[in-house]
Amino acid sequence: MSVYTTEIASDKIPSDNVIHQRLLAAYYQAKPFIKGDLLELGCGEGRGVELLAPHADSYIGIDKIKTVIDNLEKKYPDYQFMSGVFPPFPFEDNSFDCIVTFQVIEHVKDDEGFIREIYRVLKPGGTAMISTPNRKMTLSRNPWHEREYTADELTKLCKKHFNKVEMKGVAGNEKVLSYHERNRASVQRIMRYDFFDLQHKLPAGMLRIPYDILNRMNRNKLKSTDDELVKSITVDDFSLSDQDEQNLDLFCFITK
């Protein structure tokens, strides 16, 4: 069983390609830094397992969706997977040399507890890599997210527990930014009908279904109006950048 909402972008849905490549780019950026015992918090359907796990001595992936974890266990019998909601993490102190958690922290209610637990399970000298949407580039409220961050906000959060915090970002080239601006214009046309600013006033639970329907319609429309652009974007159109408000995602290194 696969889980495909617009929040879980799929390489099997053509209109999701730009988002899928953007999410995949984080794994490519992380690959040179992978070492030792690796933990992935929020592994999803395993987008990055084949990229990262072979570079580690061991790999554990954890996610809350049990059916997805069951599928990963069958697909990758050499690696370890578990289902669970976090924080806390079901691991001993000082267990991992490296942790990756991509597009996860924005979903976690206790984000400070999440960072504190990352510190606890990292070995001394170990590094965690976090990616999350850059709020400066967000097009509308996402009701699936507990919150989103600016670079300064995420840095401040991480510095509550880590002395060494390096903020970077995932940037897109001209093709990616062209798609992003078309997406922005399309979303703004939809938002014109939100006369009472309900996206910011209604509880998140009431917004998730309409958000998902409109988001899917919007992605399909962007693909139909410029199919070649949507199809042509790959991970090579994204890069790891210094901190910049134009970065699509924040990419943070924190070292114990």
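# Questions on a predicted model

Student: Is the crossing of helix 6 and helix 8 left-handed or right-handed?
Tutor: The model is a predicted one. In it, helix 6 packs against helix 8 (residues 204-225), and their axes are 10 Å apart. The crossing that helix 6 and helix 8 make is right-handed.

Student: Which word describes how helix 6 and helix 8 lie to each other?
Tutor: The angle at which helix 6 and helix 8 pack is about 130 degrees. Angles over 145 degrees would count as roughly antiparallel, and 65 to 115 as roughly perpendicular. The pair of helix 6 and helix 8 is therefore oblique.

Student: Where is tyrosine 193, and is it buried or exposed?
Tutor: Tyrosine 193 sits in the loop between helix 6 (174-191) and helix 7 (198-201). Its relative accessibility is 60%, and the cut-off is over 50%. Tyrosine 193 therefore counts as exposed.

Student: What accessible area does the nonpolar patch with Tyr193 have?
Tutor: Tyr193 is one of the residues in a nonpolar patch on the surface. Phe195, Phe196 and Leu198 belong to the patch as well. Together, Tyr193, Phe195, Phe196 and Leu198 have an accessible area of about 530 Å².

Student: What is phi of aspartate 197?
Tutor: Aspartate 197 is placed in the loop between helix 6 and helix 7. With a relative accessible area of 32%, aspartate 197 is partly exposed. Aspartate 197 is a residue other than glycine, yet its phi is positive, near 55 degrees.

Student: Which residue does a cis peptide bond join to phenylalanine 86?
Tutor: The bond has an omega of about 0 degrees.

Student: What is omega for the peptide bond from proline 87 to proline 88?
Tutor: Proline 88 lies in the loop between strand 3 and strand 4. The bond from proline 87 to proline 88 is cis. Its omega is near 0 degrees.

Student: How many salt bridges does the structure hold?
Tutor: Side chains of opposite charge can pair when their charged atoms come close. For the structure, the number of salt bridges is 20.

Student: How many residues apart in sequence are the parts that aspartate 16 and arginine 216 tie together?
Tutor: Aspartate 16 lies in the segment before helix 1 (17-30) and arginine 216 in helix 8, so the parts they tie together are apart in sequence by 200 residues.

Student: Which strand holds lysine 123, and which holds aspartate 37?
Tutor: The side chains of lysine 123 and aspartate 37 form a salt bridge of 3.1 Å, N to O. This pair links distant parts of the chain, 86 residues apart. Lysine 123 is in strand 5 (residues 122-133), and aspartate 37 is in strand 1 (residues 37-41).

Student: Which residues make up the network that holds Glu228 and Lys231?
Tutor: Glutamate 228 and lysine 231 meet in a salt bridge of 3.5 Å, N to O. They are three residues apart in helix 9 (residues 227-232), which means a separation of about one helical turn. Salt bridges that share partners join one network of Lys223, Asp227, Glu228 and Lys231.

Notes
Residues are numbered from 1 along each chain as its sequence is written. This is a predicted model: local features need pLDDT of at least 70, side-chain atom pairs count only at pLDDT 80 or more; totals for chains, interfaces and linings use all residues. Side-chain values use heavy atoms; hydrogens and water are left out. Patches are made of residues with over 30% relative accessible area and no salt bridge: like charges are joined within 9 Å, nonpolar side chains (Val, Leu, Ile, Met, Phe, Trp, Tyr) within 5 Å. Accessible areas come from the Shrake-Rupley method with a 1.4 Å probe; for residues, only the protein chains shown count as cover. A salt bridge is a side-chain nitrogen of Lys or Arg within 4 Å of a carboxyl oxygen of Asp or Glu. Helices (H or I, at least four residues) and strands (E, at least two) are DSSP runs, numbered from the N terminus. Buried means under 20% relative accessible area, exposed over 50%, partly exposed in between (1.4 Å probe, protein chains only). Axes are lines fitted to C-alpha atoms, for helices over the stretch in contact, and angles run from 0 to 180 degrees between N-to-C directions. Angles under 35 degrees count as roughly parallel, over 145 as roughly antiparallel, 65 to 115 as roughly perpendicular and the rest as oblique. A crossing is left-handed if the near helix is turned anticlockwise from the far one by less than a right angle, and right-handed if clockwise.
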